[in-house]
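Please open the structure in the viewer and keep the selection tool at hand.

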Amino acid sequence: MIKKYFIETFGCQMNVHESEKISGMLESLDFAPATSREEAGIIVFNTCCIRDTAEQKISGNIGEVKALKRADKSRIVAVVGCMTQQKGAAEALAAKFPFVDIILGTSNLYELPAKIVELIERRARHRGKVVAVSFDEKPPIDETVPVTRTSYPNAWVNITYGCNNFCTYCIVPYVRGRERSREPEAILGEIRALLSNGYKEITLLGQNVDSYGNDRADGFGFAKLLREIAAIEGKFRLRFMTSHPKDLSEEVISVIAETPNFCKNIHLPVQAGSDRILKAMNRKYDRASYLRLVDTIRSYMPECGLTTDIMVGFPGETEEDFLDTMDLTKRVRYHNAFTFVYSPRKGTVAASMADQIPYAVKRDRITRLIALQNAITEEMSGEFVGKTYEVLAEDAPKPGKLCGRTDSGRLVNFNGDKSLVGEFLNVKITKNKASALYGEIENNG
Ligand code: 5AD
Ligand code: SF4
């Protein structure tokens, strides 16, 4: 068997980071990274099920490895993560893709090394396939998993797992279990170690970072965690995602505003601009309170980069509801918005609501929303031109080309040597093409 692995990751940053843990676990078994499926002895699909489009794409990708498996029977194909964790999904996957060897749920992910060993033993007895998907709602947090990081100079750090909010459209609470917070010392220790190893940017991850600590008896919450991180010496950047508008507190906003190391950038999913729809989504805030929150953020940090997630076509959404979403989008003027067509997820409350919206209507609405946001993004991009920003060089996509983000989260493309990745640079924005910004390094001397 070839001792190389290839991981295909789908979905959110949480999954991107979990794939770094999968890499860590596979490297602990002496597997080395491969650059393609063909080169790998083990192929892992780290899956997502947030929308039907994600599931269809993943199924297509899994189907593609059938031939590779036939060509080399010693190959191991594993499907892990959110998609497998839905009711009945593991059985359905095993039936649809008989060549898949290992299926692990979100809370069983950390059993991967043991399951590989188990599979190899079973194969010796001609019985291959290992399925482990447990429905424990509060699986314990494993702090011992090795991590192979792939995103220098940024490092992802989990602060919570799971979600308690049960927005009516969302599958996440069903596949990720109830919210569990990591111990503050584990988080702070990880951040200190990362910074002393040269990482320049830390991104805290949680489905709802603002409810960090709600499951703790000692009242140690997100604001307190941020204050502890603010006390860490040295220059670095801190980002976090995702904030929930019902829980983002003024205290948190003020800590971000007063801490130079904390990026003035908040991802604040609104989902919809109509009160009726927000209520049906179980978002627990209304349009007016959301807009007040935006005002509060901007009163503390006028330059704060605000981004959002917006969904169109939720069951019962009328043209008027949709126009409320358009109007809110115009009022807030987001730097960027991730826009989605509502996709019914089996087992969620919204999937069985009457008045599902026809696809043609959803398509029409998303087209209009995207056009509006593109115009706003372009207009706001223009406001960057001619000014100089501190940019952390994050990547060298091509020789001589760098990209990185401003403190407010805007991506900037500029020329420079790849040895500059990980450096804070002053970059003057020279032009914008639609939403993309282009600049040049200013003499930092
Ligand atoms: N259909 C469409 N979009 C969804 N999201 C979550 N669930 C669904 C769904 N069923 C979107 C939300 C969320 C983002 C991560 O994905 O906007 O904020
Ligand atoms: Fe899903 Fe709502 Fe939880 Fe976000 S807060 S993961 S949208 S249930």
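Which residues make the nonpolar surface patch of about 250 Å²? Select Phe166, Tyr174 and Val349, which together form this patch. Please bear in mind throughout that the model is a predicted one.

Remain with phenylalanine 166. Its place is in the loop that runs between β8 (160–161) and α6 (172–176). Phenylalanine 166 has a relative accessible area of 30% and is therefore partly exposed.

Select Phe314 and Tyr342 with it, and one aromatic cluster is displayed.

The tour now turns to aromatic pairs. How many are found in a search of the whole structure? The search finds nine aromatic pairs. Select phenylalanine 97 and phenylalanine 99: their ring centres are 5.9 Å apart and their planes stand at 70 degrees, so this pair is edge-to-face. Phenylalanine 97 and phenylalanine 99 are both buried.

Finally, select tyrosine 212 and phenylalanine 220. Their ring centres lie 6.5 Å apart with the planes at 80 degrees, and the pair is therefore edge-to-face. Are these residues buried or exposed? Tyrosine 212 and phenylalanine 220 are buried.

How values were computed
Residues are numbered from 1 along each chain as its sequence is written. Chains are lettered from A and ligands numbered from 1 in the order in which they are written. This is a predicted model: local features need pLDDT of at least 70, side-chain atom pairs count only at pLDDT 80 or more; totals for chains, interfaces and linings use all residues. Side-chain values use heavy atoms; hydrogens and water are left out. Patches are made of residues with over 30% relative accessible area and no salt bridge: like charges are joined within 9 Å, nonpolar side chains (Val, Leu, Ile, Met, Phe, Trp, Tyr) within 5 Å. Accessible areas come from the Shrake-Rupley method with a 1.4 Å probe; for residues, only the protein chains shown count as cover. A salt bridge is a side-chain nitrogen of Lys or Arg within 4 Å of a carboxyl oxygen of Asp or Glu. Helices (H or I, at least four residues) and strands (E, at least two) are DSSP runs, numbered from the N terminus. Buried means under 20% relative accessible area, exposed over 50%, partly exposed in between (1.4 Å probe, protein chains only). Rings of Phe, Tyr and Trp (its six-membered ring) pair if their centres lie within 6.5 Å; planes under 30 degrees apart count as stacked, over 60 as edge-to-face and the rest as tilted.
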